[in-house]
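Thanks for coming. I have one structure to go through today, so please look at the sequence and the coordinates on the screen.

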Amino acid sequence: MAGGEVTPIPLLTPYEMGKFQLSHRVVLSPMTRVRSFNNLPQPHAILYYSQRTTKGGLLISEATGVSDTCQGVPNIPGIWTKEQLEAWKPIVDAVHAKGGVFFCQIWHVGRASNSDFLPNGQTPISSTDKALTGAEFTPPRRLRTDEIPQIVNDFRVAARNAIEAGFDGVEIHAAHGYLLEQFMKDQVNDRTDEYGGTMQNRCRFTLEIVEAVVNEIDADKVGIRLSPFANYNEAGDSNPEALGLYMVQSLNKYRILYCHMVEPRMENAWEKSETPHSLLPMKKAFNGTFMIAGGYGRDDGNNAVSNNCTDLVAYGRVFLANPDLTKRFELDAPLNEYNRETFYTFDPVVGYTDYPFLESTV
């Protein structure tokens with residue numbers, strides 16, 4: 001403190017993201033919660049998202065399916081039908097009523113699935129016919145080249161539906177070993193057509209989706225999530241630095257609003273590891289807003305913003321367990337501990353909307 005002025009907390013400083021005036025840099029990360037029964041967003045999600053909304057805060061929805069062929073687990077929300085679109089509206093309205101900015105993450109899981117979750121027991125689709133390890137995964141079939149435009153169109157329609165439901169934009173899920181990464185990563189993609197082989201070919205499918213979505217809803221409403229360094233769902237790459245750089249440089253052409261990247265230290269979903277790799281080259285190469293995710297707390301999040309390593313920081317598990325996370329960061333208050341055992345249960349309250357807020361200090 002100098003001259004009676006309090007030094008601002010970097011995470012809680014305003015940020016202009018395109019046309020959106022954000023009041024702070026703390027973002028609700030997309031998190032699968034498996035509480036959308038029969039793929040329909042439920043009324044209990046109104047409370048879940050509104051609890052975590054602040055005026056001028058950015059929220060990204062849980063991953064939301066673009067078609068009935070995209071389910072990897074039960075009870076994920078969709079946005080491919082009119083009924084689903086309508087079910088999202090009161091949830092979006094609740095976020096907007098509290099002044100929040102809300103983006104819908106749209107995804108397709110590809111081979112990370114089981115025929116039991118798919119229409120008529122059909123086979124999951126992928127860039128390959130190589131199966132994921134584990135009895136819970138059905139071996140996939142390789143998408144034919146002539147089938148790819150249909151998947152691109154599914155993402156386009158999902159983006160249009162999201163805007164019709166009231167969302168401020170969409171985040172294309174191109175991370176964590178799901179369908180788009182199954183094309184991008186060379187440890188999965190073994191194709192010999194124009195969607196396989198070179199890095200340019202492997203990224204073609206994702207960039208076609210970006211182009212279709214941008215053309216449908218405009219670039220200022222489009223973000224993307226990438227995880228070039230991660231090995232989720234057995235989707236690694238031999239040159240993640242080159243892949244990440246190629247993607248952000250290619251995305252510049254479409255002038256999308258933001259790029260959301262998973263830190264190299266998060267090689268798997270649950271724990272941080274030591275790594276020599278950095279997202280800084282990608283941050284410097286990307287022309288839009290840059291967002292990072294990957295096990296951040298208050299101090300390292302503040303450092304990342306103050307050192308210009310990122311514009312925004314996405315928080316998952318700690319935001320799940322602390323609906324008033326920005327208030328706790330402001331006061332440097334202790335955080336609730338999250339309970340991993342209730343992350344993926346179907347309970348509409350426990351582990352979902354029952355995490356306590358800070359008691360009033362008045």
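Predicted model: local features only at pLDDT ≥ 70, side-chain atom pairs only at ≥ 80, totals over all residues.

Let me start with the aromatic rings. A pair of aromatic rings is described by the distance of the centres and the angle of the planes. Searching the whole structure gives 13 aromatic pairs. One of them joins Y48 and Y49, with centres 4.9 Å apart and 75° between the planes, which is an edge-to-face arrangement. Y48 and Y49 are both buried.

Another pair is F103 with Y258. Here the rings are tilted, at 5.6 Å centre to centre and 50° between the planes. What does this pair tie together? F103 sits in strand β6, residues 101-107, and Y258 in strand β11, residues 258-262, so the pair connects parts that are 155 residues apart in sequence. F103 has 0% relative accessibility and therefore counts as buried. Y258 is buried too, its relative accessible area being 0%.

The members are Y48, Y49, W88, F102, F167 and Y352. Take Y352 from that list. This residue lies in the segment after α10, which covers 325-331. Y352 has a relative accessibility of 2% and so counts as buried. Along the chain, Y352 and Y48 are 304 residues apart, yet their C-alpha atoms are separated by 6.6 Å.

Now the empty space. Rolling a probe the size of a water molecule over the atoms shows where empty space is left. How many cavities of 30 Å³ or more are there in the whole structure? The search finds one. The volume of the largest cavity is about 40 Å³. Its lining consists of A174, E181, M184, K185, L226, S227, P228, L243, G244 and M247. Sorted by class, that lining has six nonpolar, two polar and two charged residues. Two helices, α4 at 179-184 and α6 at 240-252, each supply at least two residues of the cavity lining. Of the elements involved, α6 gives the most, with three residues.

Next is a pocket. The second largest pocket has a volume of about 240 Å³. There are 16 residues in its lining, and those nearest the pocket centre are E263, S278, I292, Y296 and C309. By class, the pocket lining divides into eight nonpolar, five polar and three charged residues. Strand β12, residues 289-293, and helix α8, residues 298-306, each supply at least two lining residues. The largest share comes from α8, with three residues.

On to helix α5, residues 199-217. How far apart should its ends be? With 19 residues and 1.5 Å a residue, α5 should span 27 Å, and its end C-alpha atoms are 27 Å apart, so the two values agree. After α5 comes D218, which has a positive phi near 85°.

N75 is not a glycine, but its phi is positive, about 65°. N75 is in the loop between β5, residues 64-65, and α2, residues 82-97. Is N75 buried or exposed? Its relative accessibility is 14%, so N75 counts as buried.

R255 is another residue that is not a glycine and has a positive phi, about 55° in this case. R255 is found in the loop between α6 and β11. The relative accessibility of R255 is 71%, so it counts as exposed.

Between P276 and R265, which are 11 residues apart along the chain, the C-alpha separation is 8.8 Å.

To finish, I would restate two items. The ring cluster includes both Y48 and Y352, and the C-alpha atoms of that pair of residues are separated by 6.6 Å.

Key
Residues numbered from 1 in each chain as written. Heavy atoms only, no water. Helix = DSSP H or I, 4+ residues; strand = E, 2+ residues; numbered from the N terminus. Expected span 1.5 Å × (residues − 1). 1 Å grid on protein atoms, 1.4 Å probe; cavity = no way out; pocket = protein on both sides within 12 Å on 5 of 7 lines; lining within 4 Å. Points joined across faces, edges and corners; volume = space filled by probe spheres on them. Nonpolar A, V, L, I, M, F, W, Y, C, P; charged D, E, K, R; others polar. Phe/Tyr/Trp six-rings, centres within 6.5 Å; stacked < 30°, edge-to-face > 60°. Buried < 20%, exposed > 50% of the residue type's maximum accessible area, 1.4 Å probe, protein only.
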